[in-house]
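Here is a briefing on the side-chain contacts, strand pairing and backbone features of one structure.

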Amino acid sequence: MLEEKHRLKVLIEAILLAAGKPMTEDQILAMFSEEEKPETALIRSALQELQQDYEERGVELVQVASGYRFQVKQEWSPWVSKLWEERAQKYSRALLETLALIAYRQPITRGEIEDIRGVTVSTSIIKTLLDDREWVRVVGHKEVPGRPALYATTKGFLDYFGLQHLRDLPSLPEIMNIDAAEGDLEAAQQKMIESQWAEEKALMVEEGAEHESENTLIVATSDAEE
């Protein structure tokens, strides 16, 4: 029995290292034939043991919104990132402010973002968030004249910043009105800036592996994420 459990753990380790993207327990189970498929509880137990095995290693097994993945530990990312000639992309203050507002006040319209920031949100920022990075997605339209699009974050957003749920975002005082939003926005934006190391942190063990989720899902509430 112990030998079978060890074999399962090693096999899951190999699957996750080769996957190049986060995998859920169900996706891991799908790798087995019906005859050899283990119980979900055994998969979960093996994942927990793997996390413990890697506590003193240079990489770690973490759970993000899209599943489990191996990634370089934060403390070693400054060295490991030198393997890649291209540095992680830096984002403008305007983009980070827009992203912070969507993350903390979703679902939110472009007009509401502009009211809070006091400036127009450029089309290039929306395109970057919506299409290029796939951190944001339209989740509906507000029932007002013009029916403007409502924006919310995706699992890809959570994965990039190393988060499992929206509730893992840094807490902010509840935004009660637009006038109070400016100070809270600064705090949110600062967190986004501090989190820019996340793309380097999430470098997969295999060079060039992509960790973006293939199926970007809307995460408008904590319940929706689960």
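A search of the whole structure finds 11 salt bridges, each being a side-chain nitrogen of Lys or Arg within 4 Å of a carboxyl oxygen of Asp or Glu. The model is predicted: local features need pLDDT of at least 70, side-chain atom pairs count only at pLDDT 80 or more, and totals for chains, interfaces and linings use all residues. Residues are numbered from 1 along each chain as its sequence is written, and side-chain values use heavy atoms, with hydrogens and water left out.

**Salt bridges**

- Side chains of opposite charge can pair when their charged atoms come close.
- Glu 49 and Lys 5 form a salt bridge, with 3.0 Å between the closest N and O atoms.
- Glu 49 is in helix α3 and Lys 5 in helix α1 (residues 2-19), so this pair ties together parts 44 residues apart in sequence. Helices (H or I, at least four residues) and strands (E, at least two) are DSSP runs, numbered from the N terminus.
- Glu 49 is partly exposed at 24% relative accessibility, and Lys 5 is partly exposed at 33%. Buried means under 20% relative accessible area, exposed means over 50%, and partly exposed is in between (1.4 Å probe, protein chains only).
- A network of salt bridges links Lys 5, Lys 9, Glu 49 and Asp 53.
- Glu 97 and Arg 117 also meet in a salt bridge, at 2.7 Å from N to O.
- Glu 97 belongs to helix α5 (residues 93-105) and Arg 117 to helix α6 (residues 110-117), so the bridge ties parts that are 20 residues apart in sequence. Both residues, Glu 97 and Arg 117, are buried.
- Lys 127 and Asp 132 form another salt bridge, their closest N and O atoms being 3.1 Å apart. Lys 127 is partly exposed at 43% relative accessibility, and Asp 132 is partly exposed at 47%.

**Aromatic contacts**

- The whole structure holds 6 aromatic pairs. Rings of Phe, Tyr and Trp (its six-membered ring) pair if their centres lie within 6.5 Å; planes under 30 degrees apart count as stacked, over 60 as edge-to-face and the rest as tilted.
- Tyr 54 and Phe 70 make a tilted pair, because their ring planes are at 55 degrees; the centres are 4.8 Å apart.
- This pair links distant parts of the chain, 16 residues apart: Tyr 54 sits in the loop between α3 (40-53) and β1 (59-64), and Phe 70 in strand β2 (residues 67-72).
- Tyr 54 is buried at 6% relative accessibility. Phe 70 is buried at 2% relative accessible area.
- Phe 157 and Phe 161 form a tilted pair, 5.2 Å from centre to centre with 55 degrees between the planes. Both Phe 157 and Phe 161 are buried.
- One aromatic cluster is made up of Trp 135, Phe 157, Tyr 160 and Phe 161.
- Arg 57 lies over the face of Tyr 54, 4.7 Å from the ring centre. The criterion is NZ of Lys or CZ of Arg within 6 Å of the ring centre and within 35 degrees of the ring normal.

**Helix α6**

- Ile 113, Ile 116 and Arg 117 are buried in α6.
- These three residues lie on the same side of α6, because they cover an arc of only 90 degrees around the axis. The arc is that of the directions from the helix axis to the C-beta atoms.

**Sheet**

- An open sheet of 3 strands runs in the order β3-β5-β4, with antiparallel pairing. Two strands pair if DSSP finds at least two bridges between them.
- β3 (108-109) and β4 (136-141) are at the edges, each with a single partner strand, so one side of each has no neighbour in the sheet.
- β3 pairs with strand β5 (residues 149-153) in the antiparallel sense over 2 bridges. Ile 108 has Tyr 151 in β5 as its bridge partner.

**Backbone and loops**

- Gln 106 and Pro 107 are joined by a cis peptide bond, with omega about -5 degrees. Pro 107 is in the loop between α5 and β3.
- Glu 134 is not a glycine, yet has a positive phi of about 55 degrees. Glu 134 is in the loop between α7 (123-132) and β4, and is partly exposed at 36% relative accessible area.
- Arg 147 lies in the loop between β4 and β5, with a positive phi near 40 degrees.
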